Amino acid sequence: AREFIPTSFDAFRHVPLYENGIKERFERCLDLYLATRTVKNKIRIDPESLLPKLPKPSTLRPFPTALSSVFRVPSKTYIRSISVHPRGQYILAADALSRVTLLEIPFGRVCVSWDLDKLITEKMNSSKQNELNESNDDSSESSQSESEDEEKKKEDKKQEREEESRSEHEIIFSSEKGGDSVVSIEWNPNGDGYVFAAGIGRYVVVIDASLHLKVSSGHVEVSNSILGVREKKTLKSSEWKECLIDESTDSKMLIISHRHLVRNVTWHPKGDYLGVSSRDTAGARVELHRMSTRQTQRPVGTKACSNVQLIKFHPSRPFLFIASQHHVRVFDLLAQPPTLVKKLQTGMKWISNMDIHPSGDHVIL
C-alpha cells in the first residue's frame, strides 16, 4: 500500500521514472514468448468443384442450331425496336432515325416504310394551319361592314400574325421531337387486324397498315374497327388527332401527344387499350388510351411512376406491371382506385426491359 502513496515534488521534472516499469514490461514479453501456439489448417478447395455441372447440349434440344434468315432493313443506323405480327407473317423494325419498316418474314421483302418524324411534323403543322384559317374566316365575316382602308390594315396585320404563328408552331413541333428515334413499337394483339403503335418523342403514333398490304377486306374492316371511335373524352395531358397518311390509299393514323417523352408503348391482350409510359426531367406519367372511345386515363399517381421505365399488362388478369429502375410494382386495375398488389424486389441496378409469360406466373427482366 505504501507504493501507491502519493508524494509531492517541487516540479514536474523532479518526478522519477516508475521503478517497476522495466521489470513489468520484461515479464509481459516473457509471457507472450512462452504462450502456447495453435496451428490453423487452411481449407483448400478446388475451384472447379464450385462450378455447377453443365448438362450435355444434346439433352437441351430443341434449340436453334442454324441461322434461318436475315432481314436487311434499308437503314443507315441501328435498329431500336422490333415487333412480330401475331400471325407471324410480318415484322416491324424501327431505327434511330424515326423510320419504321414493315417486312414480310417468309421472303424478307420490304413492304412499306414510314418516316414518323416527317409525318408528325406535316400533320401537326397542317392541323394548326387549318385552325388559323378557320379563325381568320370567322374574323373576316364580321369585318365586312368596316371600311376598305380599315380592312386592308387588318388584313396586313393578320398576315403578319399568321406568319409569326406559323413559324412559332413549326419550331414547336419540330423541336419537341428533335429527330427523336422510335423508342418502342408493338403490333396490336388482334391477329385479324394490322394496326401497330410506335412511340417517338412526345407522341404515340397508331397506324393502320392493312391498306398497304395485300390482305382481304375482312382484315381491313377489323383494322378500321380498332381505330374506330364512338365518343371523344380526353385529358389535358394528351391530345388525339386523326388524319390520313396518304390520300391515295386512305390509310388512317392517330397521333396522341403527351406532356413528357414517351418511353414505352404496350397493348392490352384484348387490343382496345394502349398503355404508355412517359418520363423526362419535368415528371413522369403512366396513361392508358382506349381506342374505341378515344378516352385517356391515368390509373396510378405520380409517386408510383416517378421513375418508370416501362409497363406491361397481365395476359389474363386485370393487373398492370410498372417497372421502375430497381423494382416492379403490380397494380389491380379493377379496384377503385387501383391498389398495389405486389412489389417485386429485383436486386438489379437498372431494369431495361421486361416481359411476362403467357401464363402470367413468371416475369423476366
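A salt bridge here is a side-chain nitrogen of Lys or Arg within 4 Å of a carboxyl oxygen of Asp or Glu. I start my notebook with that rule, as I looked up charged pairs before anything else.

**Ground rules**

I am working on a predicted model, where local features need pLDDT of at least 70 and side-chain atom pairs count only at pLDDT 80 or more, while totals for chains, interfaces and linings use all residues. Residues are numbered from 1 along each chain as its sequence is written, and side-chain values use heavy atoms, with hydrogens and water left out.

**Entry: salt bridges**

How many salt bridges does the rule give? I get a count of eight. As a reminder to myself, side chains of opposite charge can pair when their charged atoms come close.

I looked at R294 and E242, whose closest N and O atoms are 3.1 Å apart. R294 sits in the loop between β12 (283–290) and β13 (295–297), and E242 is in strand β8 (residues 239–246), so this pair ties together parts that are 52 residues apart in sequence. My strands and helices are DSSP runs numbered from the N terminus (helices: H or I, at least four residues; strands: E, at least two).

Is R294 buried or exposed? R294 is buried, at 4% relative accessibility, whereas E242 is partly exposed at 41%. The cut-offs I use are under 20% relative accessible area for buried, over 50% for exposed, and partly exposed in between (1.4 Å probe, protein chains only). I also noted that E242, K252 and R294 are linked in a network of salt bridges.

Next I checked R290 and D272, a salt bridge with the closest N and O atoms 3.0 Å apart. R290 belongs to strand β12 and D272 to the loop between β10 and β11 (273–280), which puts them 18 residues apart. R290 is partly exposed, with a relative accessible area of 27%.

My last pair was R99 with D115, where the closest N and O atoms are 4.0 Å apart. This bridge joins strand β3 (residues 99–104) to strand β4 (residues 109–115), its partners lying 16 residues apart. R99 is partly exposed at 28%, and D115 is partly exposed at 23%.

**Entry: the largest pocket**

I then turned to the largest pocket, which holds about 500 Å³ of space. A pocket, on a 1 Å grid over the protein atoms alone, is an open set of points where a 1.4 Å probe fits, with protein on both sides within 12 Å along at least five of seven lines; lining residues have an atom within 4 Å of a point.

Which residues lie nearest its centre? I found S184, N264, L310, S352 and N353 there, out of 22 lining residues. The elements giving two or more residues to this lining are β1 (79–84), β5 (182–187), β10 (262–267) and β14 (310–313). β5 gives the largest share, four residues.

**Entry: two surface spots**

F26, L30, Y33 and L34 make a nonpolar surface patch of about 490 Å². Patch members have over 30% relative accessible area and no salt bridge, with nonpolar side chains (Val, Leu, Ile, Met, Phe, Trp, Tyr) joined within 5 Å and like charges within 9 Å. Areas come from the Shrake-Rupley method with a 1.4 Å probe. Y33 is in helix α1 (residues 21–34) and is exposed at 61%.

Finally I looked up P337, in the loop between β16 (327–332) and β17 (339–345). P337 is exposed, at 61% relative accessibility.

How values were computed
Points joined across faces, edges and corners; volume = space filled by probe spheres on them.
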